[in-house]
Amino acid sequence: MDKARILLLDAAPGELMARELDRLLGHGLEITLNLRRVTDRTGTRETWGDRVDFTDFDAFDEAALTAATVRGGEGYDALKSRAGVPLRARFLAAATDPALARPLRVIGRAGAGFDHVELPAAARHGVTVTHTPGSNAGAVAEFALAQLLALTRDLPAHNATAHRGVWRSPAAPAAQLSELTLGIVGLGRTGSALAGRAAALGMDVQGLSRQHRTGTPARTVRSLTALLTTSDVVSLHLPLTAETRGMIGRAELAAMRPGSILLNTARGGIVDEQAVADALRDPGHPLAAAAVDTFAHEHAAFASPLSGLPNALLTPHVAGMTRSAMSTAALHCADHVAALLGGRPEGVPVVTA
């Protein structure tokens, strides 16, 4: 029987790529590696050329992605994505064309999020979608804590003035963490991890969750409004769905405590970026600062109304990018894809529409 073929839209970065490729080869898969996001392309070809096939295209260009996937009428049994390449209905229809030698059967995401896949279309075409929930929970929680510390102590502003040779003392002393209440929207793996870390540093922690959570130091509040009006710092940790899209808009921002801070390491579409930008430009608005790691438009299409605002701490979706988190995600994703292709779905996390 022929080996199943997988197209890696973006391999794990740096030295982690070798572990990912070895894991996939160990499962008996034939690999085509997209070199577009690989730093050392020449070295990669020399090292892996006798075991791996190569391609080179912009996976965020749907036409290029489709052409690479269906080239020669072959197709792929599986795709793996790390950076959240959009996989929409038109692409899924082409990738699952019965005329292909290998219609697409499995999509693997090395990460927790799955909003880049049009799930109803995947279901219609018989494509199973798997991901790695919890693989980067600790990394993202640490990053959110770093955002919190940076903004509560005004580190970006102090850094900027010091680099200009200006000795700037704060107009008023900053609050210690033990004086602040942290409100966490979404007490899943990441939100709970942040709750534990923040509580250990003396913060009062409260959370809003669709499900009752045990083992977290966060006390539960009944509504988003209750959380916003009683928190000094609000951190978002929930998936982007039809229900959560636009959850934080003008009305919600206006309901926050005076001098409050908003943190978003979840998904860009959850927050109205223009509303946040307008709030940060208004000195009378209760929102004093925001730290944003995820945006509505990312990668080559990155653009945000928050750009250039001194009280907005912006980072390029890097919260989950630690060696441990990315290694776990890559290897678990490889295992999940191989299990699904081999007809062994037991225990594999599968996303449904």
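Ala-198 lies in helix H8. The model is predicted. With a relative accessibility of 0%, Ala-198 falls under the 20% limit and therefore counts as buried. Beyond its neighbours within four places in sequence, Ala-198 contacts Leu-182, Met-203 and Val-205. Phe-295 is 97 residues from Ala-198 in sequence, and the two C-alpha atoms are 25 Å apart.

Helix H8 spans residues 189-200 and packs with helix H6, residues 137-152. The two axes come within 8 Å and cross at roughly 50 degrees. On the H6 side, the contact is made by Ala-137, Gly-138, Val-140, Ala-141, Glu-142, Ala-144 and Leu-145. H8 contributes Arg-189, Thr-190, Ala-193, Leu-194 and Arg-197. By class, seven of these residues are nonpolar, two are polar and three are charged.

H1 passes H12 in a right-handed crossing. Leu-16, Arg-19, Glu-20, Arg-23 and Leu-24 of H1 meet residues of H12. The H12 residues are Arg-323, Met-326, Ser-327, Ala-330, Leu-331, Ala-334 and Asp-335. Six residues of this contact are nonpolar, one is polar and five are charged.

Nonpolar side chains tend to be buried together in soluble globular proteins. In this model, the largest nonpolar core holds 29 residues. Leu-236, Leu-253, Leu-262 and Val-276 touch the most other members. Two or more residues each come from helix H9 (224-229), strand S10 (233-236), helix H11 (273-281) and strand S12 (287-292). H11 gives the most, with five residues.

Leu-262 illustrates the contacts within this region. Residues up to four places away in sequence are not counted here. Leu-262 touches Val-234, Leu-236, Ile-248, Leu-253, Met-256 and Val-271, among others. Its contacts also include Val-276, Leu-287, Ala-289, Ala-290 and Ala-291. Another core, of 25 residues, lies apart from the largest one. Its members include Leu-29, Val-52, Cys-333 and Ala-334. Ala-334 also takes part in the contact of H12 with H1.

How values were computed
Residues are numbered from 1 along each chain as its sequence is written. This is a predicted model: local features need pLDDT of at least 70, side-chain atom pairs count only at pLDDT 80 or more; totals for chains, interfaces and linings use all residues. Side-chain values use heavy atoms; hydrogens and water are left out. A nonpolar core is a set of buried Ala, Val, Leu, Ile, Met, Phe, Trp, Tyr and Cys residues joined through side-chain atoms within 4.5 Å. Buried means under 20% relative accessible area, exposed over 50%, partly exposed in between (1.4 Å probe, protein chains only). Helices (H or I, at least four residues) and strands (E, at least two) are DSSP runs, numbered from the N terminus. Contact means heavy atoms within 4.5 Å. Axes are lines fitted to C-alpha atoms, for helices over the stretch in contact, and angles run from 0 to 180 degrees between N-to-C directions. Ala, Val, Leu, Ile, Met, Phe, Trp, Tyr, Cys and Pro count as nonpolar, Asp, Glu, Lys and Arg as charged, and the others, Gly among them, as polar. A crossing is left-handed if the near helix is turned anticlockwise from the far one by less than a right angle, and right-handed if clockwise.
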